[in-house]
Amino acid sequence: MTPVPGASIGSWLAQRELTLPLAETFGPTPQGEGPHTGRPAVFIRFGHCNLSCSWCDTPYTWDTSRYDLDRECPDTSVETIATNAMSRGAKLFILTGGEPMMHQRKPAMHVLLSRLRGAGEIHVETNGTIPPIPAFAEHITHFTVSPKLANTGADPLRRRINHRALKTFTDLANSRRACFKFVAMRPEDVDEVYALTVDYDIPTDAVWIMPEGVTAANVIRTHRDLIDHILARGFNTTTRLHTLLWEQERAR
């Protein structure tokens, strides 16, 4: 954001503070994953992430080696984000990324949550490495927590798994305010999920296993390879509805 001609430095700084790096806002479109699959939703996708998954389907939100993040995720005013989201007709707002929890302490995020909260439910999709602060969590109806497994290919365990954050999200899952969604590529990944549920006392009925894939054919093939193992462990499963419908089309 550049200063408005004639504006004071103080007013420009205030404007800058009430912005967030926005990749895109889109919808209404069905939520494609997890226990709320099929519900009409508006997605608000923020830029920046603290992980670097090799199979990430939104690398334009974080990968500076391939993308200009200032262009892909420009600082956007809270008023613009809120007005756009609320004009789209859905009553479910999903904050996603990137990693939206990176922005939870920003005053702009709290203004946005206050605006959206009166218009519908607010869900957050997170990689589970950053525990929510109470002032943020009180606005959120549901967290979808997606800790990354070894199949991410790039990030070491100490970056992918945060003990304090997972404990907090497990507490939220026990109060029915969170679920855990794991991206799996092979049966061994389901075993890795099981080990995490044991280590962190994650309730089995709060766990959803989702096949990795960015094409409909890959999603279906991987899901068929995984399903018996998922059922044997007693986990829920979810497809990637948006991928089945639109594959890699952006903002769908």
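Reader: In what do the side chains of lysine 181 and glutamate 33 meet?

Author: They meet in a salt bridge with an N to O distance of 3.0 Å, the term standing for a side-chain nitrogen of Lys or Arg within 4 Å of a carboxyl oxygen of Asp or Glu. Because lysine 181 belongs to strand β7 (residues 178-184) while glutamate 33 sits in the loop between β1 and β2, the pair ties together parts that are 148 residues apart in sequence. Such names refer to DSSP runs numbered from the N terminus: helices (H or I) have at least four residues and strands (E) at least two.

Reader: How many salt bridges does a search of the whole structure find?

Author: The search finds 15. One of the pairs is glutamate 192 with arginine 160, whose closest N and O atoms are 4.0 Å apart; this pair links helix α8 (residues 187-200), which holds glutamate 192, to helix α6 (residues 157-160), which holds arginine 160, across 32 residues. Glutamate 192 is partly exposed at 22% relative accessible area, whereas arginine 160, at 7%, counts as buried.

Reader: With which residue does arginine 233 form a salt bridge?

Author: Its partner is aspartate 191, and the closest N and O atoms of the two are 3.1 Å apart. Arginine 233 is in helix α9 (residues 216-233) and aspartate 191 in helix α8, so parts that are 42 residues apart in sequence are tied together. Arginine 233 counts as partly exposed at 31% relative accessibility, and aspartate 191 counts as partly exposed at 29%.

Reader: In which sense do strand β1 and β2 pair?

Author: Two strands are said to pair if DSSP finds at least two bridges between them. Strand β1 (residues 19-30) runs antiparallel to β2 over 6 bridges, with threonine 25 standing opposite isoleucine 44 of β2. With strand β4 (residues 92-96), β2 instead pairs in the parallel sense over 4 bridges, and there valine 42 has phenylalanine 93 as its bridge partner. Strand β2 itself (residues 40-46) is mostly covered, since 6 of its 7 residues are buried.

Reader: What is the mean pLDDT of the protein?

Author: This score is the predictor's confidence in each residue, from 0 to 100. Its mean over the protein is 92, and 93% of the residues reach 70 or more. Over residues 1-7, however, pLDDT stays under 50, and the model has 9 contacts for them beyond four places in sequence, a contact being heavy atoms within 4.5 Å. Where pLDDT is low, the predicted coordinates should not be read in detail.

Definitions and conventions:
Residues numbered from 1 in each chain as written. Predicted model: local features only at pLDDT ≥ 70, side-chain atom pairs only at ≥ 80, totals over all residues. Heavy atoms only, no water. Buried < 20%, exposed > 50% of the residue type's maximum accessible area, 1.4 Å probe, protein only.
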